[in-house]
Amino acid sequence: MRIFNGALGLLAPRKMVESLGGEPGEDQRFGYPARMFGIRTLVLGADLLLLKADDAAAPRILRQAVLIHATDTAAAAYAGARGELQGRAAKFTVAISAVNTVLAVISLVTSKPRD
């Protein structure tokens, strides 16, 4: 999910806007933050996919994933409450970010501590 959403934001920001229920029209301002979101999410997804249980960086990567996704969830909820994201787009964005947060927490909690 992270890799797909990251690639979509990086490579096809207009599609991302449309999938969130927006209409980008002539306004190109969304492209820059979508690409920033995209590359960050893509790298995080790759880190988690390639993570080995004995990797010394595993605890840090897993904690960062929780922080990043929880912040995304809060930012999406805030944007929805302020009207910066409308109806369906706000709900969809919060849902995606919340699912990513839950997945990150599960990964952190179920990871084996290093000896």
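In this predicted model, the side chains of Arg40 and Asp72 meet in a salt bridge with an N to O distance of 2.7 Å, a salt bridge being a side-chain nitrogen of Lys or Arg within 4 Å of a carboxyl oxygen of Asp or Glu. The pair links distant parts of the chain, since Arg40 belongs to helix α3 and Asp72 to helix α4 (residues 58-82), 32 residues apart. By this rule the count comes to one salt bridge. Side chains of opposite charge can pair when their charged atoms come close. Arg40 counts as partly exposed because its relative accessibility is 28%, whereas Asp72, at 17%, counts as buried; buried means under 20% relative accessible area, exposed means over 50%, and partly exposed lies in between, with a 1.4 Å probe and protein chains only.

Residues are numbered from 1 along each chain as its sequence is written. As the model is predicted, local features need pLDDT of at least 70 and side-chain atom pairs count only at pLDDT 80 or more, while totals for chains, interfaces and linings use all residues; side-chain values use heavy atoms, with hydrogens and water left out.

The chain has five helices and zero strands, where helices (H or I, at least four residues) and strands (E, at least two) are DSSP runs numbered from the N terminus. The order of elements from the N terminus on is α-α-α-α-α. Of the 115 residues of the chain, 31% count as buried.

Helix α1 (2-11) and helix α3 (residues 31-50) pack at an angle of about 155°, with their axes 7 Å apart, so α1 is roughly antiparallel to α3. Axes here are lines fitted to C-alpha atoms, for helices over the stretch in contact, and angles run from 0 to 180 degrees between N-to-C directions; angles under 35 degrees count as roughly parallel, over 145 as roughly antiparallel, 65 to 115 as roughly perpendicular and the rest as oblique. α1 passes α3 in a left-handed crossing, a crossing being left-handed if the near helix is turned anticlockwise from the far one by less than a right angle, and right-handed if clockwise. The axes of α4 and helix α5 (residues 87-110) come within 8 Å and cross at roughly 160°, which means that α4 is roughly antiparallel to α5. The crossing in which α4 passes α5 is left-handed.

Several residue pairs can be described by their C-alpha to C-alpha distances. Leu67, in helix α4, counts as exposed because its relative accessibility is 57%, and Leu67 and Val105 are 9.4 Å apart in space and 38 residues apart in sequence. Ala58 also lies in helix α4 but counts as buried at 7% relative accessibility; Ala58 and Lys112, 54 residues apart in sequence, are 9.6 Å apart in space. In the loop between α1 and α2 (13-19), Ala12 is partly exposed at 23% relative accessibility, and 8.5 Å in space and 19 residues in sequence lie between Ala12 and Gly31.

On the surface, Met1, Val99 and Leu103 form a nonpolar patch with about 260 Å² of accessible area together. Patches are made of residues with over 30% relative accessible area and no salt bridge, like charges being joined within 9 Å and nonpolar side chains (Val, Leu, Ile, Met, Phe, Trp, Tyr) within 5 Å; accessible areas come from the Shrake-Rupley method with a 1.4 Å probe, and for residues only the protein chains shown count as cover. Met1 is placed in the segment before α1 and counts as exposed at 53% relative accessibility.
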